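Thanks for coming, everyone. Please take a look at the structure on the screen, and then I'll walk you through a few spots.

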Amino acid sequence: MNRIAVIGIIVEEPQEIEKLNQLLHEYGSYIIGRMGIPYRERKIHVISIAMDAPQDTINALTGKIGRLEGISAKAVYSK
């Protein structure tokens, strides 16, 4: 059964964005939408990814993102 979730991502190492984009491309069929906000004053990027996917798939993507250097990720699920 699919779940709706939002993955919140904080990017503190801009050189890792290419790896992040590759992961998002791999899971693109599950992504409903994406919003990115550059926070120039703090030199970070805040990204949210809305997904409709099995919970294991969302967990897998969140874990892979969180293992990238200088990037944090957390998923929030619908009920």
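**A short tour, starting with helix H1**

Let's begin on one side of H1, where Glu18 and His25 are exposed. Keep in mind that this is a predicted model.

Now turn to the other side. Which residues of helix H1 are buried? Helix H1 runs over residues 17–26, and its buried residues are Leu20, Leu23 and Leu24. They span an arc of only 100° around the axis, so they sit on the same side of H1. What covers them? The cover for the buried residues of H1 includes strand S1 (2–11), S2, S3, H2 and strand S4 (71–77).

Next, a charged pair. How many salt bridges does a search of the whole structure find? It finds 1. That salt bridge joins the side chains of Lys19 and Glu16, at 3.6 Å from N to O. Are the two partners buried or exposed? Glu16 is buried, because its relative accessible area is 9% and the cut-off is under 20%. Lys19 has 46% relative accessibility, so Lys19 counts as partly exposed.

On to strand S2. Here we find Arg34. Arg34 has 48% relative accessibility, so this residue is partly exposed. Which residue's side chain does the side chain of Arg34 join in a polar contact of 2.8 Å? The partner is Asn21. Neighbours within four places in sequence aside, Arg34 is in contact with Asn21, Leu24, Ile47, Ser48 and Ile49.

Follow the chain to the loop between strand S2 (31–39) and strand S3 (44–54). Lys43 is in that loop. Lys43 is not a glycine, yet its phi is positive, at about 60°. Why point that out? Because most residues other than glycine have a negative phi. Lys43 is also exposed, because its relative accessibility is 68% and the cut-off is over 50%.

Last stop: helix H2, residues 55–66, where we find Thr62. Buried or exposed? Thr62 is at 12% relative accessibility, so this residue counts as buried. A polar atom of the Thr62 side chain lies 2.8 Å from the backbone oxygen of Ile58. What else does Thr62 touch? Beyond neighbours within four places in sequence, Thr62 is in contact with Ile7, Ala73, Lys74 and Ala75.

That's the tour. Questions, please.

Definitions and conventions:
Residues are numbered from 1 along each chain as its sequence is written. This is a predicted model: local features need pLDDT of at least 70, side-chain atom pairs count only at pLDDT 80 or more; totals for chains, interfaces and linings use all residues. Side-chain values use heavy atoms; hydrogens and water are left out. Helices (H or I, at least four residues) and strands (E, at least two) are DSSP runs, numbered from the N terminus. Buried means under 20% relative accessible area, exposed over 50%, partly exposed in between (1.4 Å probe, protein chains only). A polar contact is a pair of N or O atoms within 3.5 Å; within protein, one must be able to donate a hydrogen and the other to accept it, and residues adjacent in sequence count only if both atoms are side-chain atoms. Contact means heavy atoms within 4.5 Å. A salt bridge is a side-chain nitrogen of Lys or Arg within 4 Å of a carboxyl oxygen of Asp or Glu. The arc is that of the directions from the helix axis to the C-beta atoms.
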